[in-house]
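Morning, everyone. Please look at the model on the screen while I talk.

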Amino acid sequence: MVEKNSEDEGSARLVLACELRRLRESSGRSLARLADEIKYDRTYLHRLETGERLSKLPVMEALDRTYGTGGLLVRLWGLARLDAFKDKYREFMKLEAKATIMQKYTMVVPGLLQTEPFAREALASAPAPISQRELEENVAARLGRQELLHRNPPPDVRIILDESALRRPASDPKVWHDQLTRIVDAADAPHMTIQVIPFSAGLHGLMGGSLSLLWMADGSSVAYVEGNNSGDLIEEPGEVARYRLTYDRLRDAALPPHDSAAFMRQLVEDSRP
């Protein structure tokens, strides 16, 4: 039976868990048989059916193929992973998933470009301790966001990375080398532009936080400003325009894309374990 509490009632996550169990039982499969078919651990699949774990996308894709559900489970998973985020950030996530143009500035490696090992370490370093279960769910939710980069057509993305994001390594040299390599590889995608704002650029208007600007297909736009412990979703056109101007000034101060790529490639070479 699916475990739930009052906060879970009606959640997409509970719906997904119930549907996973219903589909398996309707197909006449045992958990052991399903595990053999799709090559995932039986205990892990059980936890998905009880709502104890949030899966990663490949698991849902495998189950959609197994049950012939035409992408239903992937769509439910997309809603369920939003349950891992709260308040205004959840609203921002919904908008981000539909945006056609994204412009971001961050002082840390952005979640859209994180490798799984780096995401795990970054999330584990949060001030408030979390359980292993919460950690794995947060990792899955963060990596799930990256699917928006593979839409057809993909959004046009520009990311300005503060040099500090590229200078604060993970504890494991290999994890850090792989993370830097991921960023460099991402910069080669035709729909992705990555620039570095070097320390030498000095002070600027976005220090101390991060900024995301999103444009929708209908031309509307929003801004999301995030600090260490808070985030603010801004929809008022005048305020969004003000943040856009600040972003444009920062882009002008950043290294050009070609120079940024060369800068990051050198960091990859220097980080080889």
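Let's begin with a term. A salt bridge here is a side-chain nitrogen of Lys or Arg within 4 Å of a carboxyl oxygen of Asp or Glu. One caution about the source: this is a predicted model, where local features need pLDDT of at least 70, side-chain atom pairs count only at pLDDT 80 or more, and totals for chains, interfaces and linings use all residues. Residues are numbered from 1 along each chain as its sequence is written, and side-chain values use heavy atoms, with hydrogens and water left out.

Now the salt bridges. The whole structure has 16 of them. Take Asp 178 and Lys 174: their side chains meet in a salt bridge, 2.7 Å from N to O. Both residues lie in helix 9, four residues apart, about one turn of the helix. Helices (H or I, at least four residues) and strands (E, at least two) are DSSP runs, numbered from the N terminus. An α-helix has 3.6 residues a turn, so residues three or four places apart point the same way.

Compare another pair. Lys 104 forms a salt bridge with Glu 96, with the closest N and O atoms 2.8 Å apart. Here Lys 104 and Glu 96 are both buried. Then there is Arg 251 with Asp 252, at 3.7 Å from N to O. Arg 251 counts as partly exposed, because its relative accessibility is 28%. Asp 252 has 59%, so it counts as exposed.

Two strands pair if DSSP finds at least two bridges between them.

Strand 2 (residues 156-162) runs parallel to strand 3, and six bridges join them. In that pairing, Ile 160 has Gln 195 of strand 3 as its bridge partner. Contact means heavy atoms within 4.5 Å.

Last, the inside. A nonpolar core is a set of buried Ala, Val, Leu, Ile, Met, Phe, Trp, Tyr and Cys residues joined through side-chain atoms within 4.5 Å. The largest one has 35 residues, and those touching the most other members are Leu 161, Leu 166, Ile 183, Ile 194, Leu 214 and Met 264. Which helix gives the most to this core? Helix 9 does, with six residues. Leu 166 has contacts beyond its neighbours within four places in sequence, including Trp 176, Val 196 and Phe 263. Apart from this core lies another, of 23 residues, among them Leu 20, Leu 48, Leu 73 and Trp 77.

Notes. Buried < 20%, exposed > 50% of the residue type's maximum accessible area, 1.4 Å probe, protein only.
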